[in-house]
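Please read this note alongside the sequence and the structure. It is intended for a colleague who meets them for the first time.

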Amino acid sequence: AARAALLPGYRLFYDALVDYGDWVLVEPRGFVFRPRVDPIWWRPYYDGYWAPTDTYGWVWNSADAFGWATDHYGRWFYDDFQGWVWTPGLEWGPAWVTWRMGDDLVSWAPLPLAGTGGWSDRIPGGPFLYAATADLAHGDLRARVRTAEQAGVNTMKLEPVEREVVRDGVRIPLGPPIERVERAYGFAIPRVRLEELMPLGAATLRPAADAAGAAAGADSAREPLLAAPLAEIRRAGEQAARDIRDITGRQSPPPLRVPVLR
């Protein structure tokens with residue numbers, strides 16, 4: 001029922017993510033993805049690290065097996081009953097977050113859904129995560145991240161980072177100027193390159209066998225025909241998460257290439 005209720009273009013995400021969580025009905029958003037994680041500590045854009053690029057600004061690298069999808073497509077939002085849930089989208093971005101920055105502190109939070117008026121006031125710890133500006137490029141970022149209460153500073157002094165650029169027809173957030181983070185860090189930060197894991201972008205459309213009552217060839221009865229089998233997509237996502245998880249547990253600098261599944 002959840003799969004059939006999703007738009008045809010979104011059913012790839014149902015098939016790819018169903019092993020990592022549950023698709024639950026949250027009105028008026030419809031069916032959304034709720035990951036099977038520990039709700040006490042887990043939140044979006046927490047378990048992983050940021051990598052600076054010349055083309056996309058700061059790219060998020062998630063240690064979650066589902067992060068290749070949920071942190072680069074669609075939007076996260078907090079539901080008072082279900083916790084953090086994700087609604088799919090078709091536009092890839094380096095991370096769908098909003099940024100704030102001060103002299104020594106940088107913060108980020110999932111972009112609020114359009115039409116909601118902002119974030120829920122019931123998010124544990126608030127919507128933003130905080131780190132010292134000098135720590136933003138560290139691979140072991142998770143050990144350095146704090147909530148507003150844990151940060152113990154006047155977070156109201158942070159100003160929005162309004163840096164965006166259009167890439168491949170999509171307006172994406174770039175995040176803090178890399179040069180400003182370098183000044184806080186004290187050293188030059190190497191820019192990384194994205195390593196495409198498989199050609200998902202070569203998808204075409206096929207008639208959807210489960211679209212009951214829809215005429216063959218109609219837009220509502222068609223969904224992506226992938227250039228790679230779903231089993232390979234899952235394996236690639238899991239391997240990328242393992243590699244990233246290994247990096248987040250070390251003090252060494254992140255590699256110069258980051259895995260991307262898009």
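1. Basis of the model. The model is a predicted one, in which local features need pLDDT of at least 70 and side-chain atom pairs count only at pLDDT 80 or more, while totals for chains, interfaces and linings use all residues. Residues are numbered from 1 along each chain as its sequence is written, and side-chain values use heavy atoms, with hydrogens and water left out.

2. Aromatic pairs. The structure holds 21 aromatic pairs. Rings of Phe, Tyr and Trp (its six-membered ring) pair if their centres lie within 6.5 Å; planes under 30 degrees apart count as stacked, over 60 as edge-to-face and the rest as tilted. Tyr 14 and Trp 23 form a tilted pair, because their ring planes stand at 35°, with the centres 5.6 Å apart. Tyr 78 and Trp 84 are edge-to-face, because their planes stand at 75°, with the centres 5.5 Å apart.

3. A residue is called buried under 20% relative accessible area, exposed over 50%, and partly exposed in between (1.4 Å probe, protein chains only). Trp 23 is buried at 10% relative accessibility, and Trp 84 is buried with a relative accessible area of 10%. A cluster joined by ring pairs has among its members Tyr 14, Trp 23, Phe 33, Trp 76 and Trp 86.

4. Charges over rings. A charge sits over a ring if NZ of Lys or CZ of Arg is within 6 Å of the ring centre and within 35 degrees of the ring normal. Arg 75 lies over the face of Trp 96, 4.3 Å from the ring centre. Arg 142 lies over the face of Trp 41, at 4.4 Å from the ring centre.

5. Salt bridges. The count comes to 13 salt bridges, each being a side-chain nitrogen of Lys or Arg within 4 Å of a carboxyl oxygen of Asp or Glu. Arg 3 and Asp 15 meet in one of them, at 2.8 Å from N to O. This pair ties together parts twelve residues apart in sequence, because Arg 3 lies in helix 1 (residues 2-5) and Asp 15 in helix 2 (residues 11-17). Helices (H or I, at least four residues) and strands (E, at least two) are DSSP runs, numbered from the N terminus. Arg 3 is buried at 18%, and Asp 15 is buried at 15%.

6. Further charged pairs. Which salt bridge links distant parts of the chain, 42 residues apart? Asp 80 pairs with Arg 122, the closest N and O atoms being 3.6 Å apart. Asp 80 lies in the loop between strand 5 (75-79) and strand 6 (83-87), and Arg 122 in the loop between strand 8 (105-110) and strand 9 (129-132). Asp 80 is partly exposed at 39%, whereas Arg 122 is exposed at 57%. Asp 54, Glu 179, Glu 182 and Arg 191 are linked in a network of salt bridges.

7. Helix 6. The buried residues of helix 6 include Ile 233, Ala 236, Gly 237, Ala 240 and Ile 244. Seen down the helix axis, the buried residues fall within an arc of 130°, so they line one face of helix 6; the arc is that of the directions from the helix axis to the C-beta atoms. An α-helix has 3.6 residues a turn, so residues three or four places apart point the same way. Among the elements that cover these buried residues are helix 2, helix 3 (67-70) and strand 16 (257-260), where contact means heavy atoms within 4.5 Å.

8. Thr 70 and Tyr 45. Thr 70 lies in helix 3 and is buried, with a relative accessible area of 1%. Leaving aside neighbours within four places in sequence, Thr 70 is in contact with Leu 17, Phe 33, Tyr 45, Trp 76 and Trp 86. Tyr 45 is found in the loop between strand 2 and strand 3 and is buried at 2%. Its phi is near 60°, a positive value in a residue other than glycine.

9. Other backbone features. The peptide bond from Glu 27 to Pro 28 is cis, with omega near 5°, and Pro 28 is in the loop between strand 1 and strand 2. Asp 168, a residue other than glycine, has a positive phi near 55°. Asp 168 lies in the loop between strand 11 (164-167) and strand 12 (170-173) and is exposed at 70%.
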